[in-house]
Amino acid sequence: MIVVIGVFQMSVAEKVLEKFKTKKVDNEWSFKDSKPSERGKWTHSYHRYPAKFIPQLVEKLLDDYIEKKKEDVLINDPFFGCGTTIVSAISRGFRASGTDINKIAYLITKVKSIPIEPNYLDKKVNDFLAKIKTLTSNQTILLGVQQITPLIPKKHQERIDYWFDEVTKIKLGKILQIIKNEEDERIREFLQVAFSHCLKNTSIWLMGSTKPTRDMKKKIPEPFDILKRHLKKMVRGNEAYYKVIPEKTKKNLVEYLKIILGDARKQPDKDSTVDITITSSPYVTSYEYADLHQLSTIWLDLTEDLTDYRKDFIGTAHKKYDKVQLRSEIAKDVIEKLKNKDKKLAKNVEAFFIDMQEVFDENYRILKSGGRCCYVIGNTRLKKVDILNAEIFAESLQHSGFIFDKLIKREIHSKLLPQLRDEKTGQFASNHNADSVAYPVEYIVIGKKE
Ligand SMILES: C[S@@+](CC[C@H](N)C(=O)[O-])C[C@H]1O[C@@H](n2cnc3c(N)ncnc32)[C@H](O)[C@@H]1O
């Protein structure tokens, strides 16, 4: 007699869930002992940026997957943010490509990636500081000496008044006018980045908060002092960065740097040309990236309308898809659970995972065979429903054609993400108001194109 035993076949989703269940923390990926000076080396401390990578993480992935001496390597980041992956790639003499939808991210990354001859930069920065010192002195402002007209974007006047006191506003406007008059584009943009970084300090934005929160008791420091200190730090950072960049790269930077302001679903690369993608996506409705950068956006006049500007950002609450099908079974399950709590939020989460599956398809198109795509991602909880971002990415990458090559689980020690979420609203909250920890660990989900 033959007994036929049914063969139990696990689905892609089940296999993924199983792998995550047994995964232990990989201590070597926590970078517990890395010092702030190492995390902020070279140009990495030019500008604060929410949820930015530490360079050590990108460097370790490069060490593991790309031979240091390999020629003609192309590294990609579809969500480059403040450019950690891009700067790391350029520092090793590799080519770098990628996108970000955020105009300030594009400016920061461009400035951070392009090394400037240190003596020339030093001289230009000193000239600039000498100019702004006299033109923005309290005496000049209080006596109403109009040697230079402050550049204060009219259409954002109301927003600027919401964040800045009158005297600081005039000083900043004068500084910005002087920056605008700088003829060398590289220097002008370098100064814009410094200016942008100092806006948080010189406004009433609560210093400890990533989210837009006013601190009515804040003592506003002198813009000149803040800017001077930061510029000196940037000059030192540029010098150190300049030293590590191979001569070949310095001479031919346009060929090495292919970063554009644009959507992650359309990379500036030909099919099968990229060696590795190292990236971290935005998070669903965790916060509006566009709002977090509003001080820079209004002062540097980067958009006509802040609300409209948010729409193209992945993970925002402004999109709906009715016709596109979600492929991930885990995502479908999460969305079903969310629907019972909050239909609108469920739609937003669905839109996020649909956007991301399209990004994964694009990753697949540009990678060489044998190439990896590495996503750094944490899980969240909204309305008491676990949003299994990492598991969903691992499954979704496979639906885009990747094999699930490796999973790394790391403890987070030094990220700019707010740590706590309010259970009721799902929003990040100040530590004492929140009742759940949002990102104690995160994952690196690695897919391989065969
Ligand atoms: C987690 S951050 C990346 C941080 C980056 N790893 C770093 O080290 O700075 C996610 C980025 O995705 C960008 N983003 C959001 N929607 C996008 C889209 N549709 N296309 C490209 N980038 C987008 C945001 O502007 C943000 O910079």
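In this predicted model, about 60 Å³ of space lies in the second largest cavity. The lining of this second largest cavity is formed by K110, V111, I114, I116, R186, E189 and F190, and the elements that contribute two or more residues to it are α5 (103-113) and α10 (185-202). Of these elements, α10 supplies the largest share of the lining, namely three residues. When the lining residues of the second largest cavity are divided by class, four are nonpolar and three are charged, while no polar residue is found among them.

A search of the whole structure finds four cavities of 30 Å³ or more, and the largest cavity has a volume of about 350 Å³. This largest cavity is lined by 32 residues, of which F79, G81, D100, S280 and Y289 lie nearest its centre. The elements that give two or more residues to the lining of the largest cavity are α4, spanning residues 84-91, and β2, spanning residues 95-100. Divided by class, the lining of the largest cavity consists of 16 nonpolar, nine polar and seven charged residues.

The ligand sits in this largest cavity. Around the ligand there are 23 residues, and those that come nearest are Y49, C82, T84, D100 and I314. The shell that these residues belong to comprises 13 nonpolar, six polar and four charged residues.

Polar contacts between the ligand and the protein involve side-chain atoms in some cases and backbone atoms in another. In the side chain of Y49, an N or O atom is found 2.5 Å from an oxygen atom of the ligand, and in the side chain of D100, an N or O atom is likewise found 2.7 Å from a ligand oxygen atom. For A264, by contrast, the atom concerned is a backbone N or O atom, which lies 2.9 Å from a nitrogen atom of the ligand. On its own, the ligand has 600 Å² of accessible area, and the protein covers 100% of this area.

Methods: Residues are numbered from 1 along each chain as its sequence is written. This is a predicted model: local features need pLDDT of at least 70, side-chain atom pairs count only at pLDDT 80 or more; totals for chains, interfaces and linings use all residues. Side-chain values use heavy atoms; hydrogens and water are left out. A residue is near a molecule or strand if one of its heavy atoms lies within 4 Å of it. A polar contact is a pair of N or O atoms within 3.5 Å; within protein, one must be able to donate a hydrogen and the other to accept it, and residues adjacent in sequence count only if both atoms are side-chain atoms. Accessible areas come from the Shrake-Rupley method with a 1.4 Å probe; for residues, only the protein chains shown count as cover. On a 1 Å grid over the protein atoms alone, a cavity is a set of points where a 1.4 Å probe fits but cannot get out, and a pocket is an open set with protein on both sides within 12 Å along at least five of seven lines; lining residues have an atom within 4 Å of a point. A molecule sits in a cavity or pocket if more than half of its atoms lie within 2 Å of its grid points. Ala, Val, Leu, Ile, Met, Phe, Trp, Tyr, Cys and Pro count as nonpolar, Asp, Glu, Lys and Arg as charged, and the others, Gly among them, as polar. Grid points are joined across faces, edges and corners, and a volume is the space filled by probe spheres set on the points. Helices (H or I, at least four residues) and strands (E, at least two) are DSSP runs, numbered from the N terminus.
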